[in-house]
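Reader: Could you take me through how charged side chains and pockets are read in a model of this kind?
Author: Let us look at the structure together and then go through the features in turn.

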Amino acid sequence: MAVAIALSRRGRPASAPNPNVGCLLVKDGKVVARGWTQAGGRPHAEAMALAAAGGAARGATAYVTLEPCAHASPRGPACSDTLIAARVARVVIAAQDPDPRTDGKGIARLQAAGIEVVVNVLPAEARAAMAPWWTRHTDGRPFVTLKLATSLDGCIARADGTSRWITGERARAHGHLERAQHQAILVGRGTFDADTPKLDVRLSGLGGRSPRKFLLTGGTAPAGWTAVASPESVDEIDSLLVEGGAGAASAFLAADRVDRLLLYRAPILIGGGKPALGDIGLTDLDGAHGRWRLVDSRLLGSDRLDVYERTRRE
C-alpha cells in the first residue's frame, strides 16, 4: 500500500478535479502492474493498472489508495465494475471514499461479486497524499501551503527589500518542485510590485507544470494573473501555494486558511530586516500552542527545511 500511495502522488495536481489515486496489482508475490490517475482525472488508477496487466490481473490483489468508484460516468465505467470484470481475487483499500456516489457502495459491490475486500490500510497516509482533493471534498475549500524562506532571525529580506537570495540553490530547487505540485500560486500586491515575480517552474522536464498565478489585492490583476480579494475568496482550485510576502502570509494565517507550512531557513543573520510575518490575530500565547505538528525536517545544502501541518480537531 505504501507503494500505491507513492504512485498516487504522481497524479498530483494534474488529476484535479478527480482524486489522485494509486493502484498496484500483485500476483504470486510479484508486481503485475502499476497505475495512477491521469491528467484531467481519467483514466482512473485502476483502469490504468488493469490495462497494463491484461489477463495477468485475474486472481491478483489490487492495492488501491481510495475505494474504487461505484458510479459510471460518460468518461468511463465504474472502477468497481472494472475490477470485477478483470476477476481480481482481492482488493485492499486505504481509505473509504467520502463521495456519496461511492461511499461504501464500491466496497459492497466488490464483496457481492465474491471478491475479498480489506479496508483501512494506511488510511492517514493515503488521505495526506490526496490532501488537496480531500480538503476540497470534505471542507469545500482549497488545501493551502504557505512557504516562508527566512534567515535565522526570521527575516525574509533586508530592510531595503533585497531578498535574492536568502536560501541556496538546493532549497530554491525544492521550492520549484513544490510549485509543480500545486494548481495555483499566490503572492501579495507588495511582493508583485517589488519583484514582478514569474512564479514559474524552472526545473528540467517540469516547465509545463507551472501553476496558475494569483494576486492578493483589493484591485485588479494584470494579464495572466487572477485577482483574489481575500483568503476566503480562493475557491475554484484544489491546491494553493502562498509564496510571498509577509502581508499575504499573515492574511492567510489570520484567516486560519493554512494547512501546511514550509519553513526554509538559511544559516545567515540579517538584523533589522523585514520580518516574515505581521499581525496574525493572535490574542495570547496559549492560542499559539498545539496548532502545528512537525512532519518532516531535512537539510537542503546548508539550509534547513521544516514542514509543519496544521492540527485541526475532527
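**Charges and pockets in a predicted model**

Author: This is a predicted model, and we can begin with E46, which lies in helix α2, spanning residues 45–53.

Reader: Is E46 buried or exposed, and which side chain of opposite charge is nearest to E46?

Author: Side chains of opposite charge can pair when their charged atoms come close. E46 is buried yet has no salt bridge, and the nearest side chain of opposite charge, that of R42, is 8.0 Å away. Setting aside neighbours within four places in sequence, the contacts of E46 are C23, V64, L66, P68, C79 and L83.

Reader: How many salt bridges does the structure hold, and what does the pair D81 and R109 tie together?

Author: There are 18 salt bridges in the structure. In one of them, the side chains of D81 and R109 meet at 3.2 Å, N to O. D81 belongs to helix α3 (residues 79–86) and R109 to helix α4 (residues 105–112), so this pair ties together parts that are 28 residues apart in sequence. D81 counts as partly exposed at 36% relative accessibility, and R109 likewise counts as partly exposed, at 30%.

Reader: Which residue forms a salt bridge with D306, and is D306 buried or exposed?

Author: D306 meets R265 in a salt bridge of 2.4 Å, N to O. Because D306 lies in strand β15 and R265 in strand β12, the pair ties together parts that are 41 residues apart in sequence. D306 counts as buried at 6% relative accessibility, whereas R265 is partly exposed, with a relative accessible area of 31%.

Author: A further salt bridge joins E309 and R293, whose closest N and O atoms are 2.9 Å apart. E309 lies in strand β15 and R293 in strand β14, so the pair ties together parts that are 16 residues apart in sequence.

Reader: How do the residues lining the second largest pocket divide by class?

Author: They divide into 17 nonpolar, eleven polar and ten charged. The second largest pocket holds about 1000 Å³ of space, and α7 supplies the largest share of its lining, seven residues.

Key
Residues are numbered from 1 along each chain as its sequence is written. This is a predicted model: local features need pLDDT of at least 70, side-chain atom pairs count only at pLDDT 80 or more; totals for chains, interfaces and linings use all residues. Side-chain values use heavy atoms; hydrogens and water are left out. On a 1 Å grid over the protein atoms alone, a cavity is a set of points where a 1.4 Å probe fits but cannot get out, and a pocket is an open set with protein on both sides within 12 Å along at least five of seven lines; lining residues have an atom within 4 Å of a point. Grid points are joined across faces, edges and corners, and a volume is the space filled by probe spheres set on the points. Helices (H or I, at least four residues) and strands (E, at least two) are DSSP runs, numbered from the N terminus. Ala, Val, Leu, Ile, Met, Phe, Trp, Tyr, Cys and Pro count as nonpolar, Asp, Glu, Lys and Arg as charged, and the others, Gly among them, as polar. Buried means under 20% relative accessible area, exposed over 50%, partly exposed in between (1.4 Å probe, protein chains only). Lys and Arg count as positive and Asp and Glu as negative; His and the chain ends are not counted. A salt bridge is a side-chain nitrogen of Lys or Arg within 4 Å of a carboxyl oxygen of Asp or Glu. Contact means heavy atoms within 4.5 Å.
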